Amino acid sequence: MSTNFETPTAAARGLGSAKSGTEHYIRQRVSAIALVFLVPWFLYAVIAASRSGYDGAVAFLSAPWNAILMILTLGAAFYHMRLGMQTVIEDYIGKAGMKQTLLILNTFVTLGLFAATALSVLKIWISAGA
Amino acid sequence: MSGSEWTDPRPMSPHLQVWKWHWTMAASIFHRVTGVGNYIGAFLVSAWVIAIAAGPETYATVEGIMLHPVGQILLFFWLASVLFHLVNGIRHMLWDGPKVGFDPKVASGWSVFNFAISILAAATIWSLATNLF
């Protein structure tokens, strides 16, 4: 005879994690490790590419390695930004509707900026006819 | 922030104003502040990347915004913000991975170092970029 008076809900709640609790943390760190290497390059890239006007910027991104590193930087940065802003929204916005709206907006903004900037880099590189 | 009605019944962490200010606390707060700052600054840098693909006229407009005194001030603060988030982020990794630097004196000193190095590096990179190139 069973002596467990737990309700099914309490039993389910007692099961612990759904095995995805550390996912956000790990993704934040992995993108951060990539950015430790990519951000110093990116700062150099923006300075190097912007110092001689439009033609200089086009010439900089026409080089394959610069285009590759730029797209990697944009991908890692926008991903890292999305995770970070998600935490900030979850911490400070208590009102459910507003929180969900901002979380969705955060995803749309970061993915939209990644698509627009990555396409721009590709266009410059392809137009250069490498 | 805009979430005026707190609907979550769970307990909240202590508010900022009950803590005594110290360097590690300032570094922690500034890590988040600079993270949000980097996010906002990324819009301007994204506009610059998109403008290169859009053509010379659009590029001239964006370049004008970036070279305007207001744009220059924003870019300098963005550079300092990125550098602080970078060096303080490396410290977070060393806390998480090899678990070094937890001694209160070391942690405080390291926080001061992170503030100092990010401002000094921003000033150095800025002067190199504007004077040498």
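The model is predicted: local features need pLDDT of at least 70 and side-chain atom pairs count only at pLDDT 80 or more, while totals for chains, interfaces and linings use all residues. Residues are numbered from 1 along each chain as its sequence is written, and chains are lettered from A in the order in which they are written.

**Where the chains meet**

- In this model, 31 residues of chain A are in contact with 30 residues of chain B; two residues are in contact if their C-beta atoms, placed from the backbone, lie within 7 Å.
- On the side of chain A that touches chain B, α2 (23–50), α3 (53–62), α4 (64–92) and α5 (96–127) each supply at least two residues. Helices are DSSP runs (H or I, at least four residues) numbered from the N terminus.
- The most is given by α5(A), with ten residues.
- By class, this side of chain A has 22 nonpolar, four polar and five charged residues. Ala, Val, Leu, Ile, Met, Phe, Trp, Tyr, Cys and Pro count as nonpolar, Asp, Glu, Lys and Arg as charged, and the others, Gly among them, as polar.

**The nonpolar core**

- The largest nonpolar core has 40 residues, and A:L61, A:A77, A:V121, B:I52 and B:L83 have the most contacts inside it. Such a core is a set of buried Ala, Val, Leu, Ile, Met, Phe, Trp, Tyr and Cys residues joined through C-beta atoms within 7 Å.
- At least two residues of this core come from each of α2, α3, α4 and α5 of chain A and α1 (23–54), α2 (56–67) and α3 (69–96) of chain B.
- A:V121 touches A:L61, A:A67, A:M70, A:I71 and B:V49, not counting residues up to four places away in sequence.

**Annotated spans of chain A**

- An unreviewed UniProt entry annotates residues 30–50, 56–81 and 102–126 of chain A as "transmembrane region"; such annotations may be inferred rather than shown by experiment.
- Residues 30–50 of chain A are 100% helix and 0% strand, with end C-alpha atoms 29 Å apart.
- Residues 102–126 of chain A are also 100% helix and 0% strand, with end C-alpha atoms 35 Å apart.

**The contact of α2(A) with α3(A)**

- A:A48, A:A49 and A:S50 in α2(A) meet A:G56, A:A57, A:F60 and A:L61 in α3(A).
- The residues of this contact comprise five nonpolar, two polar and no charged.

**A residue in a chain B loop**

- B:K99 lies in the loop between α3 and α4 (104–131) of chain B.
- B:K99 is not a glycine, yet has a positive phi of about 55°.
- B:K99 counts as exposed because it has 8 C-beta neighbours inside 10 Å; a residue is buried with 20 or more other C-beta atoms within 10 Å of its own, exposed with 12 or fewer, and partly exposed in between, C-beta atoms being placed from the backbone.
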